[in-house]
Amino acid sequence: MPIYDDCPALEEYDSQLAGSEPPQNTTFCKSRARFEPIIPPMDTCFIGRLPPLRESARLVREERVPISCARPAHGEIKMCRYIALAPLLLQLLSPGTSPAAEASGAGSTFAAPIIEKWSAAYKAVSGDRVSYQPVGSSIGVDMIKKAAVDFGTTDRPLSRAELKKLNMLQFPLAIGGVVPVVNVQGILPGQMRFTGPVLADIFLGKIRRWDHPGIRSINAELVLPNLPITVVHRLDGSGTTFNWTNYLSKISTDWNTKVGQGNSVDWPLGLGGKGNNGVASLVAMVPGAIGYLEYSYALQKFDRISFGSVQNGSGHFAMPTVASFRAAAENADWKAAEDFAVILADAPGADAYPIAATTYVLMPRKPAWSKSETSALAFLRWALEHGQAHAEALNYVPLPSKLVKQIEAYLDAGPAQQDDTTDAKGN
């Protein structure tokens with residue numbers, strides 16, 4: 001980490017820079033009430049390289065403390081040094097004891113509530129700490145590719161070809177749903193009905209007011225206002241966006257042709273919010289707004305926004321519930337899918353919610369893992385085997401026991417396992 005004599009030790013990155021790798025001659029120093037990047041003069045020294053992407057303020061403050069940085073005479077080379085303080089103090093204060101293991105992950109905001117719940121519960125039973133950064137699926141994939149974290153999470157499964165190129169393992173961790181949310185006065189959670197074509201036309205800008213005949217025809221019992229519709233979408237690369245746009249692409253030829261699917265798309269219109277929280281906040285603030293959220297985020301703001309039901313392939317208007325998410329997941333052929341890459345959008349079944357989604361874990365495939373990677377895997381195994389009750393309490397679907405066994409077999413084959421001929425069980 002670079003240490004400069006004219007600024008304090010790094011404490012945290014500016015949140016706006018979390019999505020990109022900073023230049024190697026850039027440090028982050030305290031400036032008034034916030035942290036801003038500065039470019040040091042050419043004669044300023046630095047040690048090592050910047051930590052990849054974002055690193056927690058707590059970790060940096062605990063582990064790295066500058067000791068001195070002497071200014072050089074003309075023509076001399078400036079020399080800096082620092083010590084890792086926290087490990088030293090731990091050894092001095094607690095002789096004969098081993099520090100708790102630590103692991104880190106980043107990615108999906110979709111699964112952030114359940115991963116954070118698991119992390120707290122796991123620490124209570126094991127003493128080991130797992131930190132998680134809900135930065136979105138795209139950044140999560142980038143961070144695990146750069147080994148900035150021990151595991152990444154994504155709501156868009158990677159193909160076998162992508163995984164082989166990255167030398168990664170992939171397995172499912174959580175199942176939930178993406179729901180349309182609205183801010184229309186007088187509309188309670190669950191009252192509004194949507195079809196796939198209506199949602200596509202709203203997000204294409206073809207339906208622009210709430211009393212449009214296309215909306216009224218499926219909501220005859222509601223009094224809909226003559227109010228403009230404001231579309232709200234994700235600003236960051238997002239697996240939630242992937243599952244939303246994947247569904248719209250399957251339902252609407254017009255959407256598939258003009259916009260398509262992906263973690264990020266060229267939105268025809270609307271406001272952008274960062275993360276599920278950003279979208280939820282914007283929808284709550286703007287009368288007449290519509291957006292899409294992971295279900296648990298919608299429930300957190302049900303006093304200010306409402307979610308709607310969505311018509312499935314059987315013609316039934318399915319409410320977003322654990323039961324309807326489970327119905328969508330039950331028809332998935334996890335065993336046949338390479339590396340469990342299953343997309344649940346528009347799943348068959350009379351009771352299936354049509355925009356169910358899965359969060360996947362990405363970890364490196366190599367002969368031996370580091371201590372923190374091993375700790376991360378122990379945490380993830382614990383979540384699969386002992387954390388499923390927490391999942392349902394937060395409105396995620398507990399993974400079926402048969403699927404958990406398939407994942408365990410996949411992992412038991414070892415970090416170095418899998419070539420083009422192996423199946424999802426590692427055989």
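The model is predicted: local features need pLDDT of at least 70, side-chain atom pairs count only at pLDDT 80 or more, and totals for chains, interfaces and linings use all residues. Residues are numbered from 1 along each chain as its sequence is written, and side-chain values use heavy atoms, with hydrogens and water left out.

**Stop 1: helix α10**

Select residues 275–285, which make up helix α10. Helices (H or I, at least four residues) and strands (E, at least two) are DSSP runs, numbered from the N terminus. Eight of the 11 residues here are buried, so α10 is largely enclosed by the rest of the structure. Buried means under 20% relative accessible area, exposed over 50% and partly exposed in between, with a 1.4 Å probe and protein chains only. The buried residues are Gly-275, Asn-276, Gly-278, Val-279, Ala-280, Leu-282, Val-283 and Ala-284.

**Stop 2: the nonpolar cores**

Next, select Ile-202 and Ile-290, the residues with the most contacts inside the largest nonpolar core, which has 103 residues. Such a core is a set of buried Ala, Val, Leu, Ile, Met, Phe, Trp, Tyr and Cys residues joined through side-chain atoms within 4.5 Å. Strand β8 supplies the largest share of this core, nine residues. A second, separate core has 11 residues, including Val-135, Val-141, Leu-163 and Met-168.

Stay with Ile-290 and show its contacts (heavy atoms within 4.5 Å). Leaving aside neighbours within four places in sequence, the residues in contact with Ile-290 include Phe-194, Ile-202, Trp-210, Val-232 and Val-283.

**Stop 3: aromatic rings**

Rings of Phe, Tyr and Trp (its six-membered ring) pair if their centres lie within 6.5 Å; planes under 30 degrees apart count as stacked, over 60 as edge-to-face and the rest as tilted. The whole structure holds 15 aromatic pairs. Select Trp-244 and Tyr-292, a stacked pair with 5.1 Å centre to centre and 10° between the planes. Trp-244 is in helix α8 and Tyr-292 in strand β12, so the pair ties together parts that are 48 residues apart in sequence. Both Trp-244 and Tyr-292 are buried.

Then select Tyr-122, Tyr-132, Phe-151, Phe-379 and Trp-382, which form one aromatic cluster.

**Stop 4: strand β7**

Phe-151 also belongs to strand β7, residues 151–154. Both faces of this strand are covered: Phe-151 and Thr-153 on one side, Gly-152 and Thr-154 on the other, are all buried. Two strands pair if DSSP finds at least two bridges between them. Strand β5 (residues 102–107) pairs with β7 in the parallel sense over three bridges, and Gly-107 has Thr-153 as its bridge partner. Strand β16 (residues 356–364) pairs with β7 in the antiparallel sense, also over three bridges, with Leu-362 opposite Gly-152.

**Stop 5: Asn-219 and Arg-193**

Select Asn-219, in the loop between α7 (213–216) and β10. Asn-219 is buried, with a relative accessible area of 1%. A polar atom of the Asn-219 side chain lies 2.7 Å from the backbone nitrogen of Arg-193. Not counting residues up to four places away in sequence, Asn-219 touches Gln-191, Met-192, Arg-193 and Leu-224.

Notes: Polar contact = N/O pair within 3.5 Å; in protein donor to acceptor, adjacent residues only side chain to side chain.
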